[in-house]
Amino acid sequence: MTDADYEVVCSKIDEEKGYLNSVSQDIWKLPELAYKEVHAHALLTCALKRHGFKVQKHYYMQTAFRAEFSTNSGTGVTVAFLLEYDALPEIGHACGHNLIAEAGLAAAIASKAAMEKDKTIIGKVVVLGTPAEEGGGGKIKLLEFGAFDGIDVALMVHPGFLTRLSPIFLSSVKGSVHFKGKEAHAGAVPWLGVNALDAAVSCYQNLALMRQQIKPTCRINVIITKGGSAANVIPDESSMEFFIRASTMGELKSLVTKVENCIKSAACATGCEMEFSFVEEDCYNNLITNKVLINLFDSYLNRLGYINDDKKAINLPVGSTDMGNVSHKIPSIHPLYRIPATAVNHTKEYTKFAGAETAQEPTLQMGKAMALTALHVLRSPEVLEEIKKEFISDLEEDSRG
């Protein structure tokens, strides 16, 4: 990365900031759920085409896309910026995915401008529109389709209530259980019934007791979604849904086994039949942040004057993301950055902050830092070798748990 790159990136994003904000606002005002992001897909592909990218709409999936710009026939390094744009049910963009899309779009436009100005930069910039992060596993499906083949590094950022350059995102899997009992008149002959609600409550209590014996980085989140239809009838059916999280896939598999035992013991104790399943195809892997890449990113944040006042805070788990799966395939970063907010992600209050003007400055700084990081890698094949060596080392360490 040269001083000229720095000037081009900063001036280009500053020049486009009004347009970038309008794109973000447009997505924020019309929140769309997983795999239904039709408006966001059209908006972002139009924006990229307008700025000279070669765009493939409906890339493997209806609301995914791919955009490219390359020099020298695309030889050299390939860097990808990942965009998210799905919202949450009822509370809209409470995770700020409109800002993720904006930052990624800004980075792509700025990187292209620098490459056009200096023809000695050899490589390719890819922009991947990745739908359904909020539980749909869009990136997992794109990985399976081969969308990440040929990409050397992947970059994205995520707004939050604090800044974490190497955040802890856990492996996670969704699950459900259905208990089947036998209904009976609760006032007259309750002994003739088999209470499925008791099975659900027993299972919940088993899990609550087990939490004391799991690692602090593990999470078991569960709700009872069905518990009966009338208080004077012994419930013959009950249902529960789970989110199970752990630091690594190995730990996650072990924790799932323990959860299964809690389910089985509840069924056994109450005499209920049970059916349980875990959605393994949408299993989110833990995030591996490439240290070489994130150190580059941090150096450009410092040059941009970004103040990270959260360095001394404890780095606790912040959830799960399908970007974790990407980070096990190619070197990646997924830093969190603070926007001015008095609420945390996945709340109605945070939705307001994700659409506020005050979110713009930190979001555009993140776009600049991503572009500068990408240009550094594009200009430095030797840096890419360091990144790949670190990636292999990280995978080996992660496999050891």
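Let's start with alanine 110, which you'll find in helix H3. Keep in mind as you look around that this is a predicted model.

**Alanine 110**
- Is alanine 110 buried or exposed? Its relative accessibility is 0%, so alanine 110 counts as buried.
- If you skip its neighbours within four places in sequence, alanine 110 is in contact with Val9, Lys12, Ile13 and Ala371.

**How H1 and H3 pack**
- Helix H1 covers residues 3-29 and helix H3 covers residues 97-117; the two pack at an angle of about 150°, and their axes are 8 Å apart.
- The crossing, where H1 passes H3, is right-handed.
- On the H1 side, the residues making the contact include Val8, Val9, Lys12, Ile13, Leu20 and Trp28.
- On the H3 side, they include Leu99, Ala101, Leu105, Ala106, Ile109 and Ala110.
- Sorted by kind, the residues of this H1 and H3 contact come to 15 nonpolar, 3 polar and 5 charged.

**Helix H2**
- Helix H2 runs over residues 38-50, which gives it 13 residues. From its first C-alpha to its last, H2 reaches 18 Å, close to the 18 Å expected at 1.5 Å a residue.
- Its buried residues are Ala40, His41, Leu43, Leu44, Thr45, Ala47 and Leu48.
- After H2 comes glycine 52, which has a positive phi, near 90°.

**The nonpolar cores**
- The largest nonpolar core has 71 residues, and the members touching the most others are Leu44 and Phe297.
- H3 gives this core its largest share, with 12 residues.
- Leucine 44 touches Val23, Ile27, Phe65, Leu83, Tyr85, Ala101 and Leu105, once you set aside residues up to four places away in sequence.
- There is also a second, separate core of 28 residues, with Val173, Ala199, Ile214 and Ala267 among them.

- Serine 327 sits in helix H8, which spans residues 323-327. With 0% relative accessibility, serine 327 counts as buried.
- Leaving out neighbours within four places in sequence, serine 327 is in contact with Asn286, Leu287, Ile288, Ser332 and Phe391.
- Threonine 289 has its place in the loop between strand S10 (273-278) and helix H7 (291-304).
- Why is threonine 289 called buried? Buried means under 20% relative accessible area, and threonine 289 is buried because its value is 11%.
- Not counting residues up to four places away in sequence, threonine 289 touches Leu165, Ser166, Pro167, Ile294, Ser332, Ile333 and Asp394.

**Threonine 78**
- Threonine 78 belongs to strand S3, and its relative accessible area of 7% makes threonine 78 buried.
- Beyond residues up to four places away in sequence, threonine 78 touches Lys124, Val126, Gly150, Ile151, Asp152 and Val153.

Definitions and conventions: Residues numbered from 1 in each chain as written. Predicted model: local features only at pLDDT ≥ 70, side-chain atom pairs only at ≥ 80, totals over all residues. Heavy atoms only, no water. Helix = DSSP H or I, 4+ residues; strand = E, 2+ residues; numbered from the N terminus. Buried < 20%, exposed > 50% of the residue type's maximum accessible area, 1.4 Å probe, protein only. Contact = heavy atoms within 4.5 Å. Axes fitted to C-alpha atoms, helices over the stretch in contact; angles between N-to-C directions. Left-handed = near helix turned anticlockwise from the far one by under 90°. Nonpolar A, V, L, I, M, F, W, Y, C, P; charged D, E, K, R; others polar. Expected span 1.5 Å × (residues − 1). Core = buried A, V, L, I, M, F, W, Y, C linked by side-chain atoms within 4.5 Å.
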